[in-house]
Each structure stands twice: as C-alpha cells, then as structure tokens.
Amino acid sequence: MAGFLKVLFRNLLEGPSTDPFPLGETFTPDRLRGRARVDPELCMGCGMCRDVCAAGAINITPLDDGSGYTITIWQNSCCLCASCRHYCPTGAMSISTDWHSAHPEADKFKRLEQHTIKYEPCAHCGTLMRPIPRHLAERLYAHNPELDPELIRRICPKCRQIEDAKRNACRLPAAASGAAAERAVTSAVPTKD
C-alpha cells in the first residue's frame with residue numbers, strides 16, 4: 001500500500017505526462033519520414049527520383065517551349081519510402097519531418113509540391129542547359145586549383161568537354177624526321193611530357 005501511495009503522490013506533483021498535441025507542440029524524431037521535398041536550386045531534372053518512386057508520386061514534365069521543366073510531387077500518393085532522397089545524385093530530394101498529413105478528401109488533389117525550373121544559356125555557346133549545382137562543381141573540380149568552379153558549372157557538357165580537351169592537350173616529342181607532331185589526347189587525366 002505504501003508503494004502505491006508514493007506513485008500516486010509523485011504523479012500528483014509532476015502533473016499529467018501525456019502529449020499536449022493538438023493543443024501544443026509535440027516531439028518529432030529527427031529521422032521521421034514526413035513529406036517529400038525538392039530543392040529547385042539543386043534539381044537537374046535527371047528523372048532519377050521519378051524512376052525510383054515506388055508510388056509514382058513524382059512527375060517531371062518538360063515545358064512546351066523547351067525552356068525548362070516542371071517537377072511535381074503528389075504528397076497524397078507518396079508512400080514515404082525515401083527512395084527519391086537516397087538515389088538523387090545532387091541531393092535535391094529530401095524528406096522533411098512534417099508529419100501533418102491529415103486532410104479532407106476534397107483537398108487530396110491540392111496536396112502537391114510543384115516547381116518550374118528554367119534552363120539557363122551556356123556561358124560559351126548559348127545552348128539552354130541546367131547548370132551544375134555549386135557544391136557539386138566545387139567537389140568535382142577541387143583537385144584542380146586553376147579551374148573556376150563557378151565558370152565550369154555554367155557551361156554545357158559539350159563546351160565543358162572542349163575546355164577539358166584544350167587543358168589536357170599536349171605536344172609529343174618530335175618524330176624521327178624532326179617535324180613537330182601533335183596528337184589528340186583522349187584521356188581526361190593531364191598527361192606529362
């Protein structure tokens with residue numbers, strides 16, 4: 001009987017131990033899978049998230065004039081598997097801890113996240129393209145201090161290939177006849193004389 005009275009007295013002093021939600025804030029674990037989100041600054045439109053989405057909740061549609069694309073995430077269809085986040089090569093996809101997903105039936109087609117992402121012209125040739133995200137360009141070209149990641153990320157893959165070829169071009173020693181011979185370099189690794 002004395003043990004019961006101790007517990008009762010302690011509970012009376014501490015107050016209720018239930019969660020205050022919906023009248024107050026509640027605890028949300030850091031790794032809780034909530035809504036899928038996309039960062040339009042990092043999205044390259046590669047379609048990997050769309051291809052791995054188990055529920056088919058992600059759609060990427062090119063714009064009619066070819067100036068970009070629209071990415072749509074249907075939150076009502078998302079099964080919270082986080083495959084999009086796992087396979088996204090640029091880190092544009094994320095899963096928030098927003099677990100408030102209750103909604104009336106009439107709002108099921110309004111629960112979407114949609115971003116229209118425009119292409120930018122290449123800094124060299126003017127071709128419309130999506131620039132490489134800054135953090136990826138800095139990581140890709142970190143080993144070469146002579147390259148400006150900001151410039152490299154704003155040129156299209158074809159111009160980037162030409163710039164790489166110019167940087168890596170080398171002259172081979174003269175042939176037996178003494179004439180200077182040039183040879184195209186097919187490797188992306190700088191060659192030595």
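Mentor: Start with the cut-offs. Buried means under 20% relative accessible area, exposed means over 50%, and partly exposed lies in between. Keep in mind that this is a predicted model.

Trainee: Why is Glu-150 called partly exposed?

Mentor: Glu-150 has a relative accessible area of 24%.

Trainee: What makes Glu-150 and Arg-153 a salt bridge?

Mentor: A salt bridge needs a side-chain nitrogen of Lys or Arg within 4 Å of a carboxyl oxygen of Asp or Glu. In the pair Arg-153 and Glu-150, the closest N and O atoms are 3.0 Å apart. That is within 4 Å, so the pair counts. Salt bridges with shared partners also join Glu-120, Arg-134, Glu-150, Arg-153 and Arg-154 into one network.

Trainee: Buried or exposed: which is Arg-153?

Mentor: Buried. Its relative accessibility is 10%, and buried means under 20%.

Trainee: What lets such side chains pair at all?

Mentor: Side chains of opposite charge can pair when their charged atoms come close. By the salt-bridge rule, the count here comes to ten.

Trainee: How do you know that Arg-37 forms a salt bridge with Asp-98?

Mentor: The closest N and O atoms of Arg-37 and Asp-98 are 3.9 Å apart. The cut-off is within 4 Å, so this pair passes. Arg-37 lies in strand β1 (residues 36–38), and Asp-98 in the loop between β4 (93–95) and β5, so the pair ties together parts that are 61 residues apart in sequence.

Trainee: How accessible are Arg-37 and Asp-98?

Mentor: Arg-37 has 28% relative accessibility. Asp-98 has a relative accessible area of 26%. Each value falls between the cut-offs, so Arg-37 is partly exposed, and Asp-98 is partly exposed too.

Trainee: What makes Asp-107 and Lys-110 a salt bridge?

Mentor: Their closest N and O atoms are 3.8 Å apart, which is within 4 Å. Asp-107 is partly exposed at 27%. Lys-110, at 64%, is exposed, because exposed means over 50%.

Trainee: Which residues make the nonpolar surface patch?

Mentor: Met-1, Phe-4, Leu-5, Leu-8 and Leu-12 make it, with an area of about 600 Å². Patch residues need over 30% relative accessible area and no salt bridge. Take Leu-12, in helix α1 (residues 2–14).

Trainee: What makes the lining of the second largest cavity eleven nonpolar residues?

Mentor: Check the names. They are Ala-36, Cys-53, Ala-54, Ala-55, Ile-58, Cys-78, Cys-79, Leu-80, Cys-81, Ala-82 and Cys-84. Ala, Cys, Ile and Leu count as nonpolar, so the tally is eleven nonpolar, no polar and no charged residues. The volume of this second largest cavity is about 60 Å³.

Trainee: Why is Ala-82 called buried?

Mentor: Its relative accessible area is 7%, and the cut-off for buried is under 20%. Leu-80, at 33%, is partly exposed.

Trainee: Which residues are closest to the centre of the second largest pocket?

Mentor: That pocket holds about 150 Å³ of space. Of its 13 lining residues, Pro-40, Glu-41, Glu-120, Arg-130 and Arg-153 are closest to the centre. Strand β5 (residues 112–118) gives the most to the lining, with three residues. By class, the lining has five nonpolar, one polar and seven charged residues.

Conventions:
Residues numbered from 1 in each chain as written. Predicted model: local features only at pLDDT ≥ 70, side-chain atom pairs only at ≥ 80, totals over all residues. Heavy atoms only, no water. Patch = residues over 30% accessible without salt bridge, like charges linked within 9 Å, V, L, I, M, F, W, Y side chains within 5 Å. Areas by Shrake-Rupley, 256 points an atom, 1.4 Å probe, with all protein chains shown as cover. Helix = DSSP H or I, 4+ residues; strand = E, 2+ residues; numbered from the N terminus. 1 Å grid on protein atoms, 1.4 Å probe; cavity = no way out; pocket = protein on both sides within 12 Å on 5 of 7 lines; lining within 4 Å. Points joined across faces, edges and corners; volume = space filled by probe spheres on them. Buried < 20%, exposed > 50% of the residue type's maximum accessible area, 1.4 Å probe, protein only.
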